[in-house]
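Subject: Structure for you, with notes

Hi,

Here is the structure for you to look over. My notes come after it.

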Amino acid sequence: MAALPRWLRQPAFPSWPLYLLGLVPGVWLFVQALTDNLGADPAKALERGLGEWALRLIILGLAITPLRQSLGINWLRYRRAVGLLAFFYVLAHLITYILLDQGLDWAAIGADILKRPYITIGMLGFVLLLPLAVTSNNAMIRRLGGVRWRRLHRLVYPAALAGAAHFLLLVKSWPLEPIIYATIVVALLGWRLLPRGGRERPATGRL
């Protein structure tokens, strides 16, 4: 896109600064929790904050293809980093729930998964993302082959829907923020149903 500078259309900086930048919100949340600056229930606030950042990063990862196709902004080389950061926040969100919320009470955790729909859906989202994180490296791409790898990584689509639904059901009172996230997820997935939406060029090693 001619109106946009080249550094924005096709940046060339390495991925490692993105990992460092992406970890900043998580570190800040943990610092706030340790210094008792997250309100009356810091464990819940930490858990929710980590989950929200996971969803934001999943949305950012989903947006990379539409941005390239509609605006010519090619950030495909950073999609793996965004995906792995999203999984880190999902995992941190889950660990916070298991350790700080439930205190490793596996019976209570099992009951939550079976009885609370938002927990069930959240766990489903984690299960869907797990094989994507495990296979998000060049060795697994070579082992699986490009076609099988790309098919496997389409699991990010139902995982994104699960994350949005998890947030919607969690808040119960239906405030604007989770509705906005859910709308963005649906819009980004809907883009892929348009005539050119799902026609992505092969991108080796990208989540």
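Below is what was found in the structure.

This is a predicted model, in which local features need pLDDT of at least 70, side-chain atom pairs count only at pLDDT 80 or more, and totals for chains, interfaces and linings use all residues. Residues are numbered from 1 along each chain as its sequence is written, and side-chain values use heavy atoms, with hydrogens and water left out.

The core: the largest nonpolar core has 41 residues. (Such a core is a set of buried Ala, Val, Leu, Ile, Met, Phe, Trp, Tyr and Cys residues joined through side-chain atoms within 4.5 Å; buried is under 20% relative accessible area, exposed over 50%, partly exposed in between, with a 1.4 Å probe and protein chains only.) Y97, L129 and V185 have the most contacts inside it. Helix α4 gives the most, ten residues. (Helices are DSSP runs of H or I, at least four residues, numbered from the N terminus.) Beyond its neighbours within four places in sequence, L129 touches I58, F87, V90, V156 and A159. (Contact means heavy atoms within 4.5 Å.)

The helix pair: α2 (residues 16–34) and α3 pack at about 175°, axes 10 Å apart. (Axes are lines fitted to C-alpha atoms over the stretch in contact; angles run from 0 to 180 degrees between N-to-C directions.) That makes α2 roughly antiparallel to α3, meaning an angle over 145 degrees. P25, G26, L29, F30 and A33 of α2 meet L46, G49, L50 and W53 of α3.

One more residue: L124 is found in helix α6 (residues 117–134). L124 is partly exposed, at 46% relative accessible area.

Best wishes

Technical notes
Helices (H or I, at least four residues) and strands (E, at least two) are DSSP runs, numbered from the N terminus. Angles under 35 degrees count as roughly parallel, over 145 as roughly antiparallel, 65 to 115 as roughly perpendicular and the rest as oblique.
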